[in-house]
Protein chains: 2
Amino acid sequence: MAYDQHNHRASIIDGGGKNDLIHLQRFPHLHLASNTPKGRGVVAGAPIPAGTVIDVSPVLILGIVENIEHIEQTQLFNYTYNWPSKNSIGEPRTAQAVVFGLGSMFNHSTEEQNVGWKRDLERRVIVYQALRDIQEGEELCISYGDHLTFVDADGPRSPVIEEGSEVLGRISVEI
Amino acid sequence: MAYDQHNHRASIIDGGGKNDLIHLQRFPHLHLASNTPKGRGVVAGAPIPAGTVIDVSPVLILGIVENIEHIEQTQLFNYTYNWPSKNSIGEPRTAQAVVFGLGSMFNHSTEEQNVGWKRDLERRVIVYQALRDIQEGEELCISYGDHLTFVDADGPRSPVIEEGSEVLGRISVEI
């Protein structure tokens, strides 16, 4: 077991080959709050050190056509993430993914984001990690990057970010 | 903190009133397998005692009309759960919910289910718990109850189950 209960910086297990296993890590002290100013959100229930893996969320990659024809017509569209993909002849396309995990519950903050995220395209998961030390009681916020489907409430918009959150690239991650 | 790291039978925290907080519990030793006979699935990475809370998954309740017109036309429909609801004049309706958590990754088993689930209608979460002692390496399977959208691969279908999984009602739960 590669999980280290003491510092919560576990490695994602990869058995390789046929028995590929991904450790579904989650920081154990997280709360769902129903009444943040932005709606439901996730709050730290204990201090979270920078770099901690907060959640590993599996995704469902939606078809490009079904997304345009259907998902974009529903409230779920506000929850989907861009997902780089290729069409049948190998040309790059942007699909959308539904995130089955806390990735769907983190609110957006342009100025106060404290959680970064990175897509694992091959394994169809997104890994969320603390960008800095987070205090108990702080709301966990990410940057939605190039996928804002609403008016940004708290500041100028970040540059377009295609591959996960830009800020995550600045810290050393252990996954 | 009501979380007990030793037996993982934590209570969901409810601050009551304005600051309602739900502890996003998850059993820490779970793996996502990409290649079960049923597709992606969740596997126990350590023994799980009966009654253990395995996941608390937030849900997004979809509109009845948008579900019929759109979600049912997509692959996402196979992942949604029935969600009891009421229309504008208080008549009972069945909506659908998208589960942002492992509830979307558990495969179905009629005969070998080892995880039960219960909706918390007011707080918009589903709680998943071990129905029996589960061994390391076992796949975690639930009953999809009255919401099978595919041919059941492993046995006769269970009776219609309206409120979470019938089997969960037989065990003592601590939530």
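Two strands are taken to pair if DSSP finds at least two bridges between them, and in this predicted model that criterion bears on I61(A), which stands opposite A97(A) in β6(A). The strands concerned are β4 (residues 53-62) and β6 (residues 92-99) of chain A, which pair in the antiparallel sense over 4 bridges. The points below begin with the sheet in chain A and then turn to the interface of chain B and chain A.

**The sheet in chain A**

- An open sheet is formed by 5 strands of chain A in the order β5-β6-β4-β9-β8, and the pairing in this sheet is antiparallel.
- At the edges of the sheet are β5 (81-86) and β8 (115-120) of chain A, each of which pairs on one side only.
- From one strand to the next, the twist averages 40 degrees.

**Extent of the interface**

- Between them, chain B and chain A bury about 4,200 Å², and 59% of this area is on carbon and sulfur atoms.
- Of the area that chain B buries against chain A, 16% is supplied by L24(B), L32(B) and F100(B), which is more than any other three residues supply.
- Counted by residues, 51 of chain B are in contact with 51 of chain A.

**Strand pairing between the chains**

- Strand β1 (residues 21-23) of chain A is joined to β2(B) by 3 bridges, and these two strands run antiparallel.
- Within this pairing, H23(A) has H31(B) as its bridge partner in β2(B).

**Polar and charged contacts across the interface**

- The rule finds 2 salt bridges across the interface of chain B and chain A, one of which links D55(A) with R26(B), where the closest N and O atoms are 3.8 Å apart.

**Make-up of the side of chain B that touches chain A**

- At least two residues of this side come from each of β1 (21-23), β2 (30-36), β3 (39-44), β4 (53-62), α1 (64-69) and β6 (92-99) of chain B.
- Strand β4(B) gives the most to the side of chain B that touches chain A, namely 7 residues.
- Sorted by class, the side of chain B that touches chain A has 26 nonpolar, 17 polar and 8 charged residues.

Technical notes:
Residues are numbered from 1 along each chain as its sequence is written. Chains are lettered from A and ligands numbered from 1 in the order in which they are written. This is a predicted model: local features need pLDDT of at least 70, side-chain atom pairs count only at pLDDT 80 or more; totals for chains, interfaces and linings use all residues. Side-chain values use heavy atoms; hydrogens and water are left out. Contact means heavy atoms within 4.5 Å. Buried area is the accessible area (1.4 Å probe) that two parts lose on being put together, summed over both. A salt bridge is a side-chain nitrogen of Lys or Arg within 4 Å of a carboxyl oxygen of Asp or Glu. Ala, Val, Leu, Ile, Met, Phe, Trp, Tyr, Cys and Pro count as nonpolar, Asp, Glu, Lys and Arg as charged, and the others, Gly among them, as polar. Axes are lines fitted to C-alpha atoms, for helices over the stretch in contact, and angles run from 0 to 180 degrees between N-to-C directions.
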